[in-house]
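Q: I am new to this structure and would like to learn how to read it. Could we go through some features together?

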Amino acid sequence: CEATKGWLEPMAQRIKDDHTVVQIPLIDGIDANTISYYGGRSNLSIGVGGFTWSGHFAWETLPKSVEKSRKPTDPVRTVTMIGGLFAIQRDYFWKIGGYDDGMIGWGGENLELSIRVWRCGG
């Protein structure tokens with residue numbers, strides 16, 4: 001993942017304002033063939049986390065009505081999150097149970113954490 005200048009401050013401020021907020025950054029693209037960096041994605045719609053019926057994470061686009069009513073810097077509510085790329089207030093992370101020690105392998109932590117955040121008031 002690539003991080004651009006100024007990505008952290010808005011995320012940290014939202015967490016400071018509400019300790020139950022879990023922030024996920026916009027993930028910029030890197031072309032797998034050319035290693036070209038596509039930062040900002042200003043011409044693309046915002047992707048939010050979702051999941052398939054089989055429980056796999058999937059990116060979904062916002063409905064056009066929501067996309068039109070927001071500024072590019074506005075936060076967006078999402079059903080699920082990426083399990084290893086997020087910002088959360090430390091005490092809140094431990095309050096909702098942190099990562100599950102019994103979960104092995106990749107995948108699943110995103111849905112589990114998302115459900116715990118939802119059920120614990122985040």
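Predicted model: local features only at pLDDT ≥ 70, side-chain atom pairs only at ≥ 80, totals over all residues.

Q: Which residues of helix H4 are buried?
A: Helix H4 spans residues 109-119, and its buried residues are Glu109, Asn110, Leu111, Leu113, Ser114, Arg116 and Val117.

Q: What covers the buried residues of H4?
A: The cover includes strand E3 (47-51), strand E4 (57-61) and helix H3 (90-95). Just after H4, glycine 121 has a positive phi of about 90°.

Q: How many salt bridges does the structure hold?
A: The general idea is that side chains of opposite charge can pair when their charged atoms come close. This structure holds 2 salt bridges. One of them joins arginine 116 to glutamate 112, with the closest N and O atoms 3.4 Å apart.

Q: Where do arginine 116 and glutamate 112 lie?
A: Both lie in helix H4, 4 residues apart, which is about one turn of the helix. An α-helix has 3.6 residues a turn, so residues three or four places apart point the same way.

Q: Is arginine 116 buried or exposed?
A: Arginine 116 has a relative accessible area of 17%, so this residue counts as buried, the cut-off being under 20%.

Q: Which residue forms a salt bridge with aspartate 74?
A: That is lysine 71, and the closest N and O atoms of the pair are 4.0 Å apart. Lysine 71 counts as exposed because its relative accessibility is 53%, and exposed means over 50%. Aspartate 74, at 26%, is partly exposed.

Q: How many helices and strands does the chain have?
A: The chain has 4 helices and 4 strands. Read from the N terminus, the order is α-β-β-β-β-α-α-α.

Q: And what can we say of the chain as a whole?
A: Of its 122 residues, 25% count as buried. The accessible surface comes to about 9000 Å², with 57% of that belonging to carbon and sulfur atoms. Finally, take the contacts between residues at least 6 apart in sequence: 49% of them join residues at least 24 apart.

Methods. Residues numbered from 1 in each chain as written. Heavy atoms only, no water. Buried < 20%, exposed > 50% of the residue type's maximum accessible area, 1.4 Å probe, protein only. Helix = DSSP H or I, 4+ residues; strand = E, 2+ residues; numbered from the N terminus. Contact = heavy atoms within 4.5 Å. Salt bridge = Lys/Arg side-chain N within 4 Å of Asp/Glu carboxyl O. Areas by Shrake-Rupley, 256 points an atom, 1.4 Å probe, with all protein chains shown as cover.
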